[in-house]
Each structure stands twice: as structure tokens, then as C-alpha cells.
Amino acid sequence: MRQRVLQLAGAAVEQRLNADTSDEQGSRIRCSCGQEARLVGRRSKQVNSVLGPLQLERAYYYCFSCGHGFCPRDGHLGIEYTSLSPALTRMVGTVGAMVSFQEGSELLTELAGVAVDAKQVERTAEALGEEIAEDERHCTEPSDALALPRTLYLGMDGTGIPLRAEELEGRTGKQPDGSAKTREVKLCTIWSAESLDEEGTPIRDEGSVSYSAAIESASTPDTAQQPSAFAQRVWRETQRRRFTQAARTAALGDGAPWIWNVVEEQFPGTIQIVDRFHAKQHLSDLGKVLYGSSDPRASEWATQRHEELDEGKLRVLVAAIRPHVTHCDEARRCLRYFWINRKRMRYPKFHAQGLCTSTGVVEAACKVAIGTRLKRSGMHWTVRGANAIIALRCSKLSGRFQDFWERRSERLAA
């Protein structure tokens, strides 16, 4: 019955559109090249829609000066350069953002009764993602949908995704032969956490998280006239979220220098906090190196260091690491890590101020926004394709897809 109803509705829409010949705007109209294009007649085009396939007749104009032919109605209907209707394009974008292209094709057939093969899902989703990425570069107006909280958090991290071999030529990596199998996606996320749990730990506010990410550089050469591509991305996201307008701002990261460089360059007054989990992970890893992963002394040593870290006893912690520096490279690196980030690890003080000291939101972002979609078994991306799907996925997860779609519809109508 559903299929029959869709067929009837599709036939009615097809008949209605084909009966309207108002797109014949005269025997000659202006071509984009500036010359005149002549009306040749009406041409047929099959469009796949949410009601099924439609056979549409449109006025066709041809410019003999530039050799370009076009149908004005295609632009009005949003089917220029595509065989999918706008509504079906939106459906394809939704499934392409959330699941593999093959799974997206199967879902469209199962749930919507529309047949779109996996390759077309891929092409459409990536094209839509590129549109979103371009829109994101130009649309930085803040949204007033959410009230500005007292404290806003900015988190940054990176996670590798597998790329095709031709995308990695000449790049060094962690493989035994020095080659690379992945490229790093740089991600920033902004959220608020105004409420506290029973222990006084801030709890992320539901619906407050937004994401922006891409495979791009975070380093800015001293001679560069503009910040790095990722630094510009962070700035745009903070503008959309009114980050600099909040009464208090904090940045959390795993201790990577590029994170703090971005924060210091763009938000010098922001509180910097090293994620407590990452700091403890360094200590746990060092304990295994010093005593062996199966030796109980490794966990005992690490547990003692964790307690010192929680209590703010950094001098005691550093003193416990220092004796191992002379014979252990890992201890040397660990000591340097804690010394450089000591001011970012004042956890008792941060806790007393009601601040988050864990980047659980950022860790989840890397897994939810990037990993679960782009790091599945057998996947190998191009940089262009990956960035398109990342943009599409971040738009969906950040609750901005509807806003983008409205702007897109307005541009088509114009």
C-alpha cells in the first residue's frame, strides 16, 4: 500500500509540473556568458525523488556563442547537476553522515522505499559535505538558540584515520618502514557544564556540545600572514558559540604543544587544563616501563603517583620520577611532560573553582564524530572525501544541519 500511494503521489506531482510551461521565458533569454540563448524545445529528465522516479519536462535553452545548454527550471527545483530531488538529497546526506554508503543505500530502500545505489550515496553525501564545509567557512554568526552560560569549555584533540595509499606518498609515519597509513583529523569541540554531581564535579549540559573538524594543519609558521587552517577553524567555531563573550573560559587538551599554541595565540585569558586522565595515563605507562606490565609494583607505583596528582603534590610526584631519569628515556619524557604542564595540572584549585578537569567530551567526540564513521574496518579515504563526510557529520551532531539546509534552500530560491 505504501508503494502504491507513493506511485500515485509521484504521478500527481509529475503531471502537475509537466502541465506548467511557465519556464518558457520567451524565445531568447540571457546566458551566463552574457550572450543570448535560444529556446530549443522541451527536454525530459528523470529525477529520483522521495515519491519515486519522476519524468520531468523542462524548457531547454542553448547558447550558440559559448555552446552551453541549460534548463532554468532545474535551478528552481534544485535539481541542477543532479538527478536527486532536494528532499532525497537531504535523506542521502543524513544516512551518509551516520553509516557506511552501502548501509545508507540499504536504509533508504528499507525505510523510505527509495532505491539509491551505494555509489550515488557516496557522491551525493560527499558533494553535500563539501557544500557544508564551504558554508561553515562563511557562516560564523552566533546562534541565540542557547543561553550564554557562565563558563564555556574548548577542547581540542587529534585522531588518525586510514587513507588510500596515493594520499600518503612521501609522508612519514609509524610503520616499521617509516611509512604512514593514516592522517590526523584535528577536532575542536565547545560545551558547557553548569550543573554539578554529588561530588561537585561539573556535568556536561545536554545539547551544549558542538564539533568542527578536518584533516588540516595546526601549525602556523612565524612568517605566515594568517593563522593555520585549524586555528582559523577554532576561531570560527568559537565565534558561533560566543566563546569569548562568556564570563569564564577554559581550554582542555592532552598536553600536545599545538593545542596550547592555538589557545595562547587566540584566547590568552583562557584557563588551560591538561586532561587528568591523560596525565594519569602517562604515569601508568611509566610504571609499566619501570617494573614491567605484569609486576604488581607497576600499578602500586602508578596509584601512588595518581593520588599525588589529585592532591596537587606535583613536587612530590616529580621527585618520585627524577631518580629514574638517568637510565630510562620514558622517565625523562614523562618528567619533561609534567614540568612543562605543571601550571595546567593544578587540579585541587580547578576543582575548587568548579571547573572540568577531564576531556571526556573531547575523547567522546573523537570516537563519536570521527571514529565510528571513518575508522571502520576496510575503510580507506581520500582527504577530500574524508573532509566532506567529517563536515557533514559534525553539522548533524552539532544540531546545525537544519540551519544549513534553510540557508541552502534560500540560495536556491534566490
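Helix H8 and helix H11 cross in a left-handed way. Left-handed means that the near helix is turned anticlockwise from the far one by less than a right angle; clockwise is right-handed. Helices here are DSSP runs of H or I with at least four residues, strands are runs of E with at least two, and both are numbered from the N terminus.

Quick word on the source. This is a predicted model, where local features need pLDDT of at least 70 and side-chain atom pairs count only at pLDDT 80 or more, while totals for chains, interfaces and linings use all residues. Residues are numbered from 1 along each chain as its sequence is written, and side-chain values use heavy atoms, with hydrogens and water left out.

Now the whole chain. It has 15 helices and eleven strands. The C-alpha trace spans about 90 × 55 × 50 Å along its principal axes. Of the 414 residues, 46% are buried. Buried means under 20% relative accessible area, exposed means over 50%, and partly exposed is in between, with a 1.4 Å probe and protein chains only. Now contacts, meaning heavy atoms within 4.5 Å. Take those between residues at least 6 apart in sequence: 65% of them join residues at least 24 apart.

Back to the helix pairs. Two packed helices are described by the angle between their axes and the distance between the axes. The axes are lines fitted to C-alpha atoms, for helices over the stretch in contact, and the angles run from 0 to 180 degrees between N-to-C directions.

H8 and H11 pack at about 160°, with axes 10 Å apart. So H8 is roughly antiparallel to H11. The cut-offs: under 35 degrees is roughly parallel, over 145 roughly antiparallel, 65 to 115 roughly perpendicular, and the rest oblique. Who touches whom? H8 brings His 278, Ala 279, His 282, Leu 283, Leu 286 and Val 289, and H11 brings Glu 330, Ala 331, Cys 334, Tyr 337 and Phe 338. By class, that contact has eight nonpolar, two polar and one charged residues. Nonpolar covers Ala, Val, Leu, Ile, Met, Phe, Trp, Tyr, Cys and Pro; charged covers Asp, Glu, Lys and Arg; the others, Gly among them, are polar.

H11 has another partner. Helix H10 (residues 314–321) packs on H11 (residues 329–340) at about 165°, axes 10 Å apart. That makes H10 roughly antiparallel to H11. The crossing of H10 and H11 is left-handed. Leu 317, Val 318 and Ile 321 of H10 meet Ala 331, Cys 334, Leu 335 and Phe 338 of H11. How does this contact divide by class? Seven nonpolar, no polar, no charged.

Next pair: H3 (residues 86–98) and H15 (residues 401–413). Their axes come within 13 Å and cross at roughly 150°. H3 is therefore roughly antiparallel to H15. Here the crossing is right-handed. Pro 86, Thr 89, Arg 90 and Thr 94 of H3 contact Phe 401, Gln 402, Trp 405 and Arg 408 of H15. The classes in this contact of H3 with H15: three nonpolar, three polar and two charged.

Helix H7 (residues 257–266) has several buried residues: Trp 258, Ile 259, Trp 260, Val 262, Val 263 and Gln 266. Their cover includes strands E5, E6, E10 and E11, and helix H6.

Now some single residues. Asp 23 sits in the loop between helix H1 (2–19) and strand E1 (28–30). Is Asp 23 buried or exposed? Buried, because its relative accessibility is 3%. Not counting residues up to four places away in sequence, Asp 23 touches Arg 42, Arg 58, Ala 59, Tyr 61, Pro 72 and Arg 73.

Glu 167 is in the loop between E5 and E6. At 26% relative accessible area, Glu 167 is partly exposed. Leaving aside neighbours within four places in sequence, Glu 167 contacts Trp 381, Thr 382 and Val 383.

Lys 280 lies in H8 (residues 276–291). Again leaving out residues up to four places away in sequence, Lys 280 touches His 306, Leu 309 and Asp 310.

Last topic: cysteines. Cys 366 is buried, at 9% relative accessible area.
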